[in-house]
Structure formats: structure tokens, C-alpha cells
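Please open the structure in your viewer and keep the selection panel at hand.

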Amino acid sequence: MNGIKGWPVWLKVTTWASCMLVVAGLAFAAFWVIRLQLNISKAPLSAGSEKLENTNDRTDRLQILILGSDTRDGKNSQYGSAEDSTGYGQSDVMMLLDISKDNKRVSVVSFPRDLLVDIPKCIDHESGQTYPARSGVMINTAMAEAGIGCAVDTINELTGMKIDHFMMADFNAVKELSSTVGGVDVCISDAVFDPDSGLRLPKGTSQVEGEQALAFLRTRHAFELGGDLGRIKAQQGFLSALTRKIKDDGTLGDPQKLLRIADVVTQNLTVDDGLASVQSLLTIGSRLRDIDVSKVAFVAAPTQPASQDPNRLELVEPEASQLFAALRADLDLTSPGSTESPSPARPADPTAPATTAPAPPAPAYDKALQPVAVANGSGTPARAQELLQTITGAGFTRASTFAAATVNTTVVYYGAGFEDVAKDVAALFGIPAIQQEASVTGVQVYLGTDFTSGTQYGQATVPKDVVNQTASDVICQTANPAYVTG
């Protein structure tokens with residue numbers, strides 16, 4: 001104390017002011033952390049009995065399921081009746097956000113709400129009630145009974161992925177976020193009016209926020225020929241524009257802008273327990289900050305009208321299996337045809353003399369005469385035809401296909417005298433020798449569920465034309481002629 005008394009007045013004032021600034025800064029930070037933390041609602045990640053493994057949100061690859069709830073409860077009561085707000089609500093929007101481990105790529109895969117899928121057994125952790133597994137039901141009903149965790153479990157089962165987190169927002173989140181960022185630019189080929197959603201837009205580019213932003217995302221009539229697929233393209237176009245705006249405005253690097261957005265979003269957001277902290281949300285934001293918008297790929301799960309109900313959708317095979325395999329392999333979806341990187345070869349000995357690999361000997365048989373069959377036990381109806389093209393392209397023109405019982409492991413069977421043919425056919429697909437057995441006449445490639453995509457066993461390939469657009473693309477939505485105005 002005696003030392004402080006001897007300080008010059010200017011130094012005392014400066015020290016006092018500095019201390020007050022530090023205290024004010026800490027108080028400001030504490031206020032926002034507490035406020036944002038109190039905003040956050042949370043729910044279990046899974047509706048199963050097993051606890052999912054935790055990942056490191058800072059350094060690991062992350063899969064986050066983004067859900068839009070159609071609940072009409074609370075602030076959303078103007079969009080429906082009291083009956084619409086019962087239970088958990090249905091997932092009006094379902095997108096899988098996949099952030100690569102190196103933070104250089106983001107894939108956003110949309111699942112239409114009319115898609116028919118199998119839903120696993122789910123437990124409602126609030127009521128304790130167990131709901132049995134169901135087949136051939138709309139995907140947006142997954143969380144209606146057992147909660148958000150059931151939607152997560154359904155996507156895990158459908159894709160073979162392991163989702164790390166989820167974020168669920170309601171109608172109000174879209175309105176407030178679009179207004180907070182100052183509006184989002186959208187483009188449409190013709191002027192439209194959809195009385196059901198309230199969307200009214202002129203031809204060309206418009207800036208939407210609030211109610212019109214919500215109407216743009218909700219409309220099931222205004223784009224393409226109506227339905228989920230046109231709406232998904234519009235949603236992806238909106239998110240692309242939002243990504244560009246946030247990137248161009250430097251929002252993720254501006255604490256003041258980020259706080260405003262975080263405040264709006266967290267008031268209308270439900271997340272899993274592992275993401276229910278301000279620091280966790282900031283970690284996700286920091287990982288997205290420097291990603292090149294051309295590497296933010298928007299994809300829709302490949303679908304077609306369902307055979308049992310043309311008003312519903314089902315996955316198209318083998319395209320869907322190929323997409324999910326590419327996702328599991330963490331491939332760059334913006335590079336069609338790319339495959340998993342092979343294991344690094346052992347470095348060559350620089351002291352060894354150079355050698356030239358001998359050309360493979362010609363087969364001692366006529367390929368055009370060899371009976372080769374593809375038995376499809378993969379569970380994917382169109383899968384055999386894909387491999388048949390490779391076999392006939394290699395000269396085995398007597399090849400054929402047939403449906404078979406589903407099996408787990410792919411095996412090449414062969415009869416006496418066909419060992420060399422079986423070896424060559426297996427080599428076309430990279431099927432190892434341990435999975436080649438003598439037991440049939442001729443040669444038979446029996447496909448299993450371990451070989452549902454690509455033409456190289458154990459290797460995933462990015463299917464062609466899988467990306468609808470990247471965040472760098474500015475695309476005008478095609479107006480539905482039935483809703484075009486003069």
C-alpha cells in the first residue's frame with residue numbers, strides 16, 4: 001500500500017481505469033455466457049438404450065443432424081391449431097451436416113420428409129415408453145412419438161453413419177435469424193404467389209427476411225412441380241445465400257455480430273447434451289469460419305416415387321448406397337469419381353536396380369465362352385446390373401444376373417476347372433482370395449451387403465451429379481407454372 005501511495009496521480013488513474021475495464025469486460029462476458037446458456041434447451045442424442053461414443057468437437061470429423069420442427073406451440077401458434085402442437089412435432093426439415101476433420105469441406109445432405117424408411121425401436125426417455133421398430137413409414141414421423149433421438153437413430157441406421165450432435169430449430173428461428181443478418185438474397189425464375197405458405201415474390205432476385213424468409217423455406221407449391229424435392233432445392237439455395245452472406249460479412253470473425261446471431265438462435269434451438277454449452281456452439285462456429293464456400297456441398301438423398309405409394313418417396317439404388325458409402329469414407333463430394341486413398345506403399349529402396357514389371361499373361365481360355373453369374377444378395381435391387389456392366393466390359397459376354405438371399409459377405413464361387421476364370425473375375429472387383437470358394441458350376445459372384453457401392457470391393461466412390469449446388473453457386477429456383485402470377 002505504501003508503494004501505491006507514492007505513485008504519480010496519472011499512474012494511479014491509469015491503473016484504476018485499466019482495472020475497471022477488465023472488470024467491465026469480465027462482467028460483459030459473464031452476462032452473455034449466462035444469457036446464452038439459459039437460452040439453450042437440450043434433449044437426449046439417442047432414443048436407444050446404448051450411449052453413443054463421444055467425439056472431440058475441436059479436432060474430429062463431425063456429423064450434426066439439423067432438424068426443423070413443425071410444432072405450432074408457443075411463438076409458432078399462428079401457423080396451425082392446438083392439435084398441431086401436441087407431442088414433439090414432426091421434422092419438417094432434416095439435413096445431415098458433415099464437417100471434415102481438416103475443416104476444409106462441409107457436406108449438407110437433405111432427406112425429404114415424404115421419404116419412406118425403416119425406423120428402429122425407440123425409447124421416449126421422458127415417458128419411458130418404448131415404440132417398436134416400423135417399416136415403410138415417412139421419415140418425418142421418426143421423432144413425433146419418441147423424440148429427437150429417434151430421428152437421429154433413424155438416420156444412423158439409414159446411412160451407416162454415427163451422428164455426433166443434433167440441432168433442432170422452429171419456425172421462429174428462421175424468421176429472427178434472417179432478420180438479424182439483414183435479409184437473405186433469393187432468386188426465382190418467375191413471379192409466384194403461394195396462398196398456403198404466404199410466399200409472394202417477383203421474378204428475379206429478392207431479399208427476404210422474417211415471414212417471407214419462412215414462407216420461402218416452407219412452401220411446397222411454388223417451386224418445380226411442387227412437393228418435397230422442389231422445396232429441398234429452395235432450402236439449399238437459401239442456405240447457400242445465407243452462407244455467402246455470413247462469410248462476406250465476416251460474421252464468424254466478428255464477436256458483436258456473432259453474439260447477436262447466437263442470442264437469436266439459442267432462444268429457438270434444442271441441442272443434445274454434448275452440445276448444450278456456449279463453448280461447444282462457439283467451437284462449431286470457429287470450425288466453419290475459414291471453409292471455402294465452393295467446398296460446401298448441398299446434396300439430396302437420391303429418391304424416386306415409392307412403388308407402394310406414388311405420393312411418397314423411396315431411395316434410388318445403387319445411387320443412395322453409393323452416396324452413403326462416400327459419406328462414410330469422408331470423400332469430397334465436389335469431386336465426382338474420386339475414391340478412397342489407397343494405403344501408402346512401402347518406400348522403394350533407392351539402392352535397388354530398376355526393374356520393369358512383366359506384362360500379365362493372356363488367359364488360357366476364351367472369355368466369351370465362360371459362364372459367369374452375379375447373384376444379388378446385397379439387398380440393393382439394381383446392384384447386380386452395375387457389376388454386370390464391368391464383367392461384360394471385360395469380355396465375359398456370357399455373364400448374367402439373378403436375385404438371391406441377402407448375405408453379409410461377398411464371395412466368388414467357382415467349379416472344377418474354373419479356378420483361373422474365378423481369379424480373374426475377382427480381380428476385376430478387388431475381391432480377395434480368401435473370399436473365393438469352389439462349390440458351383442462355372443463362376444458366380446455372390447454379392448453381399450458389404451459391397452453395395454462402386455466397382456472396387458472395400459472402396460467407396462463419389463457418384464456423378466450427386467451435388468445439387470455448392471455455397472458458391474447462385475441459382476434461380478424454377479417457379480411452378482401453376483403458381484406463377486402475371
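Which residues does T303 touch, not counting residues up to four places away in sequence? Select T303 together with P112, L115, L229, L313, E314, L315 and V316: these are its contacts (heavy atoms within 4.5 Å). The model is predicted, with local features needing pLDDT of at least 70 and side-chain atom pairs counting only at pLDDT 80 or more, while totals for chains, interfaces and linings use all residues. Residues are numbered from 1 along each chain as its sequence is written, and side-chain values use heavy atoms, leaving out hydrogens and water.

T303 belongs to strand β16, residues 303-305 (helices, H or I of at least four residues, and strands, E of at least two, are DSSP runs numbered from the N terminus). Its relative accessibility is 19%, so T303 counts as buried (buried is under 20% relative accessible area, exposed over 50%, partly exposed in between; 1.4 Å probe, protein chains only).

Next, turn to the cysteines. The whole structure contains 2 disulfides (cysteine sulfur atoms within 2.5 Å).

Select C122 and C150, whose sulfur atoms are 2.1 Å apart. This pair connects strand β6 (residues 122-123) with helix α4 (residues 148-159), and its cysteines are 28 residues apart. C122 is buried at 1%, and C150 is buried at 2%.

Finally, select C187 and C476, joined with an S to S distance of 1.6 Å. C187 lies in strand β10 (residues 184-188) and C476 in the segment after β23 (467-470), so the link ties together parts 289 residues apart in sequence. C187 is buried at 10%, whereas C476 is partly exposed at 41%.
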